[in-house]
Amino acid sequence: MRVLIIVLLLTLITVNQHGSAVNGGDFAGDYSKLSGIIIPGFASTQLRAWSILDCPYSPLDFNPLDLVWLDSTKLLSAVNCWLKCMILDPYNQTDHPECRSRPDSGLSAITELDPGYITGPLSSVWKEWIKWCIEFGIEPNAIIAVPYDWRLSPSKLEERDLYFHKLKFNAHSLGNNVFRYFLEWLKLEIAPKHYFQWLDEHIHAYFAVGAPLLGSIETVKASLSGLSYGLPVSEGTARLMFNSFASSLWMLPFSKNCRADNAYWKHFSGGSKHGHHMYHCEEQEFRSNFSGFPTNIINIEIPSIRRFNAYPSVAEVAEANLSSMECGLPTQLSFSAREISDGTFFKAIEDYDPDSKRLLYQLEKYHSDPVLNPLTPWDRPPIKNVFCIYGLDSKTEVGYYFAPSGKPYPDNWIITDVIFEVEGSLFSRSGDLPEHDGSDVQVELNVEHHHGEDIIPNMTRSPRVKYITFYEDSESIPGKRTAVWELDKASHRNIVRHPVLMRELWLQMWHDIHPDAKSRFVTKAKRGPLRDEDCFWDYGKARCAWPEYCEYRGTAQYESDPEKYTISTLSNVGRHSEKYLARLSKISMR
């Protein structure tokens, strides 16, 4: 029997095959029994051309299997051709008549989007995870990548590519959202009495890393003014491309107080599988101001004169203001997460933005999806072990002020101010106010938690220390574990490469397969180096840091000159990680 361990951020599903990973109860460093399935996130899969496209005025054409996402050379030299291979029809999500692109396959499709000496490191996605797998001895055929066309909505993924059927057979994040949709889709594919049995037999644990459980606020910014993600394209071009993907709405922010009826239960009770979901909100939504968010997400100025074109020029606005000073003043409107996800915001700017009709069309499809309305809060999935991991206390964008730019579409809006949240306080761009050694481990047991409320740790913290806070529960739901890991200052985009996250993840996975483990969660005691490259030279003490685990093994020519001891040389330590994990195994047995 095969048991899955699932990690999503971006999404990684690791598979644990039953069998002893240790000999005689001592850690032997054998991770060969682990295997995995990786589901990448938004814009984290290579796309390749499935057409022949001649690009005028450029020596670079597109031929079948040429890299499209991401080929920075063609993006710079033939951007119009490149866009034809990238954009989709905003209504039916079909390809451009002259060029089709499809997701690549295999690990290489998700390791680096644009391989190369210069661009490779900048486009690295799952490369660090693969390196960790190699270092811990996981076999090459044990890691399976399941890329997908991240431009499509979930229903289109299944309709065009049969993606969820393939995922089900492979399994025998955007990654988190994909996995959530898969669980709901699975309910319709197998008998209800077999659904929980299938999950128990196939999925051991779900690690949700950086999951957008209430959507992403940056999605609004990308849909209204464009977000280039560092690509050498204008924000207007980025907006044009982003809004052609139905998947862009999959990450809209939404209220935690509003839900839709579950179409799955209607289906099995004789209701129509294709009926619309009823969208309703709790009273709390209307008593609170911001749908559970720190502030309104959008504040936007729109002209009060409706005789304008969809994107009025500066001259038109000025002329109207001169003829009717009072009536011509722009109106500022504010919108919460609920008013964005239910279409109220896009309906309000429909007369001033040509993208609104297209976005409303796709939004309606999300709300009437017969499998799942993804713009609703998550419930805990019925999986044995669930771990939610994310960063906190980083400077985060939580609201925007928009105004007409006077330019034509797609550059017809500009951001006039940004609201940030930093450690619980709000600030605007304009300045107006809107490896531990075990000695600092703090434990609080039997914490009472009320549903829907945050748990505020009552602990002393040093402002100069980056902490990990573990909320772990193995008693509330019999036979199941739930955990939340908070990593201080870990950014969403880089969390999948965060060494602390990878360290804790590997320790927890090793703990779960250890036959002598007594505790439900891995100990939070002293953390030492796991890999050779975690060792380094302590120049202050003129010796290896972590001397109980690390040692220098250099050649004779270096022994007389400590200054030549470099970190790269110290990475040749040998098998120090086994010494550390052997000690940790004794601690975790307590």
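A disulfide is taken here as a pair of cysteine sulfur atoms within 2.5 Å. By this rule, four disulfides are counted in the chain. With the bonded cysteines numbered in sequence order, the pairing is 1-2, 3-4, 5-6, 7-8. The structure is a predicted model, in which local features need pLDDT of at least 70 and side-chain atom pairs count only at pLDDT 80 or more, whereas totals for chains, interfaces and linings use all residues. Residues are numbered from 1 along each chain as its sequence is written, and side-chain values use heavy atoms, with hydrogens and water left out.

The pLDDT (the predictor's confidence in each residue, from 0 to 100) averages 76 over the chain, and 75% of the residues score at least 70. Over residues 1–29 the pLDDT is below 50, although this stretch has 127 contacts beyond near neighbours in sequence, a contact meaning heavy atoms within 4.5 Å. Residues 263–276 also stay under 50 in pLDDT, and the model has 20 contacts for them beyond four places in sequence. Where pLDDT is low, the predicted coordinates should not be read in detail.

Helices (H or I, at least four residues) and strands (E, at least two) are DSSP runs, numbered from the N terminus. Cysteine 85 is joined to cysteine 99 with an S to S distance of 2.0 Å, and the link is right-handed, with 95° about the S-S bond. Cysteine 85 lies in helix 2 (residues 79–86) and cysteine 99 in the loop between helix 2 and strand 8 (101–103), 14 residues apart. Relative accessibility is 1% for cysteine 85 and 1% for cysteine 99; both values fall in the buried class (under 20% relative accessible area, with exposed over 50% and partly exposed in between; 1.4 Å probe, protein chains only).

The sulfur atoms of cysteine 258 and cysteine 281 are 2.0 Å apart, and the torsion of about 105° makes this disulfide right-handed. Cysteine 258 is buried at 0%, whereas cysteine 281 is partly exposed at 22%.

In the disulfide of cysteine 535 and cysteine 550, the sulfur atoms are 1.8 Å apart; this link is left-handed, with -70° about the S-S bond. Cysteine 544 is in no disulfide, and its nearest cysteine sulfur, that of cysteine 550, is 6.0 Å away. Cysteine 544 is itself buried, with a relative accessible area of 8%.
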